[in-house]
Amino acid sequence: MKNRKRYLCLFLAILFMVAGVVIRQSIDTDFGRVKVQRVSYTDNAGYRISALLYKPDSATKDHPAPGVITAHGGGASLEAQSSYNVELARRGYVVLSYDAAGTGSSENRPITPIGSEDFDLDSWSLGGEATYNFLTALPYVDSSQIGCSGHSQGARLTYGLAQAHPDNIALNIMVGWRPTGNDMSIPFRTNYALILGTHDESNLRTSNNDLMTAVNHESVLKTFGLPEGSTIEIGKLYGSWEDKTGRLVVTPEATHAGAMVTAEVIEDYINIMNEAIPAPAPLPGSDQIWQVKDVGMAIQFVGLILFMFLLAVAALDLKFFQSLKLPVRAPVGYKTKSAKWYLALGILLFVPTILYVPSWTITQRHTIPKFFGMDANANGFAIWGAVSALVLLVLFLIFHFTHGRKHGGNLMTYGLATEPEKNRIGIKYLLKALLFALLVVGGTFLVYLLMYGITGGDIHIWLATLRPVTFIRAPLFPLYFLLQLPFFFVATVAGRSISLNNG
């Protein structure tokens with residue numbers, strides 16, 4: 001009976017993974033009408049940029065189609081733009097979505113600031129200039145009809161591209177970007193649209209909770225050609241799309257991060273793109289199917305996790321690994337559902353949440369990203385984990401000396417000992433556990449690589465992304481692993497305060 005259940009679970013795991021891949025591929029390729037492939041190219045300094053290219057079958061050398069560059073926000077990767085990419089491609093646009101330098105599968109490179117003697121647009125746009133050159137060189141792309149858009153930081157990058165190439169870039173759509181960050185040293189000479197969610201916390205935070213303060217910032221008014229003190233009317237087209245003087249601001253119901261998965265935002269985006277650069281295969285902005293791809297990825301994820309647990313159970317049944325099974329540890333935490341138990345539970349849940357903003361803010365200093373070699377958002381997660389671990393460790397020690405030690409708290413009951421009778425850690429056990437982890441995680445990773453090779457994209461649900469570690473990222477992996485390991489270790493031990501995971 002036990003084996004029958006395992007075979008059934010294995011069948012379900014494989015079924016979920018296959019079904020998830022089929023669903024996401026069907027949506028990504030518009031049921032075979034769009035070819036999606038991962039491409040790479042180098043910028044002017046020789047750094048590698050990775051991207052996904054969406055080529056509709058209707059785009060040919062004889063009938064070139066408009067092209068669109070999409071850029072993700074800070075700390076994300078190109079798949080964050082998945083909803084936009086899918087909807088653009090099924091309307092006939094050739095889409096090139098790139099991993100900004102230092103993120104995803106693109107190499108990191110030094111950034112030259114605006115105004116410096118060695119200013120380089122390829123560096124400043126984190127590979128955007130190289131992406132523009134790659135896209136416009138494709139024989140099936142109409143290089144005079146290029147659109148570019150980005151979310152958050154990605155909007156800033158494409159704004160600079162539009163400034164640099166107004167003759168070929170016919171539209172720049174900025175989603176969720178703080179207009180105060182626009183560079184006004186170069187005139188803006190092409191179509192411009194700003195999409196700001198009414199609940200965009202990034203803009204509300206910098207405008208005293210008044211979105212119109214951001215909308216009517218001097219940099220936006222200057223782009224619109226309006227005098228200082230003017231008020232921009234939301235939803236009104238200023239100028240003309242045809243002569244590249246079009247200016248538009250829309251404020252759909254959305255948060256900052258929610259702009260990537262909000263149908264209203266994407267509808268506005270598609271309609272604006274079609275008005276400024278008519279789609280080869282126009283569809284109403286309300287006609288959206290990207291959500292189905294997200295469902296497919298969720299199914300993939302469920303199948304992958306189910307496979308991992310089955311692999312772990314099967315490995316533990318092997319004679320070699322059976323010694324890893326330890327007896328159930330006696331609970332030493334606070335009495336379940338007591339006042340102290342609820343307090344400890346609240347601390348475990350909310351301390352990391354409360355610490356996120358201050359930890360992330362620290363990483364905005366320029367010296368930290370330069371030291372770690374990645375962007376401030378990625379460094380923010382690492383420092384967040386380290387600070388949370390330190391605070392949780394202090395709280396756990398308080399628990400131990402006020403309660404745990406009196407109720408049998410020791411290395412074994414806290415889950416730290418591997419030899420129950422001696423209450424100590426065995427090196428042989430740890431080495432075998434490491435081998436077990438490599439087998440389970442490594443085996444799951446190989447299955448994921450197979451799915452990744454077929455789809456060309458990672459599994460992501462909104463901002464949570466499961467992505468393979470590439471050779472470019474591999475040198476950074478040990479650093480971030482070591483930085484985050486304390487959090488996982490301390491959080492697991494601290495969980496004993498509520499008798500979590502005594503098995």
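## Before we start

Keep in mind that this is a predicted model. Searching the whole structure turns up 14 salt bridges, and we'll visit some of them here.

Let's begin with Asp317 and Arg6, which form a salt bridge whose closest N and O atoms sit 2.5 Å apart. Asp317 belongs to the loop between α10 (290–316) and α11 (339–362), while Arg6 is in helix α1 (residues 2–28), so this pair ties together parts that are 311 residues apart in sequence.

Next stop: Glu87 and Arg91. They form a salt bridge, with 2.8 Å between the closest N and O atoms, and both residues are buried.

Arg90 has a salt bridge as well, with its side chain meeting that of Asp287 at 3.3 Å, N to O. This pair links distant parts of the chain: Arg90 lies in the loop between α2 (82–89) and β4 (94–98), and Asp287 in the loop between α9 (263–276) and α10, 197 residues apart. The two partners fall on either side of the 20% cut-off for being buried. Arg90 is buried, with a relative accessible area of 14%, whereas Asp287 is partly exposed at 29%.

Some salt bridges share partners, and that joins Arg24, Asp28, Glu79 and Lys293 into one network.

## Two helices side by side

Now back to α1, this time for its packing against helix α14 (residues 427–455). How far apart are the axes of α1 and α14? They are 10 Å apart, and the helices pack at an angle of about 20 degrees. Angles under 35 degrees count as roughly parallel, and α1 and α14 are therefore roughly parallel to each other. As for handedness, α1 passes α14 in a right-handed crossing.

Which residues meet here? On the α1 side they are Met17, Val21, Arg24 and Gln25, and on the α14 side Val447, Met451, Ile454 and Thr455. By type, the residues of this contact split into five nonpolar, two polar and one charged.

Definitions and conventions: Residues numbered from 1 in each chain as written. Predicted model: local features only at pLDDT ≥ 70, side-chain atom pairs only at ≥ 80, totals over all residues. Heavy atoms only, no water. Salt bridge = Lys/Arg side-chain N within 4 Å of Asp/Glu carboxyl O. Helix = DSSP H or I, 4+ residues; strand = E, 2+ residues; numbered from the N terminus. Buried < 20%, exposed > 50% of the residue type's maximum accessible area, 1.4 Å probe, protein only. Axes fitted to C-alpha atoms, helices over the stretch in contact; angles between N-to-C directions. Parallel < 35°, antiparallel > 145°, perpendicular 65-115°, else oblique. Left-handed = near helix turned anticlockwise from the far one by under 90°. Contact = heavy atoms within 4.5 Å. Nonpolar A, V, L, I, M, F, W, Y, C, P; charged D, E, K, R; others polar.
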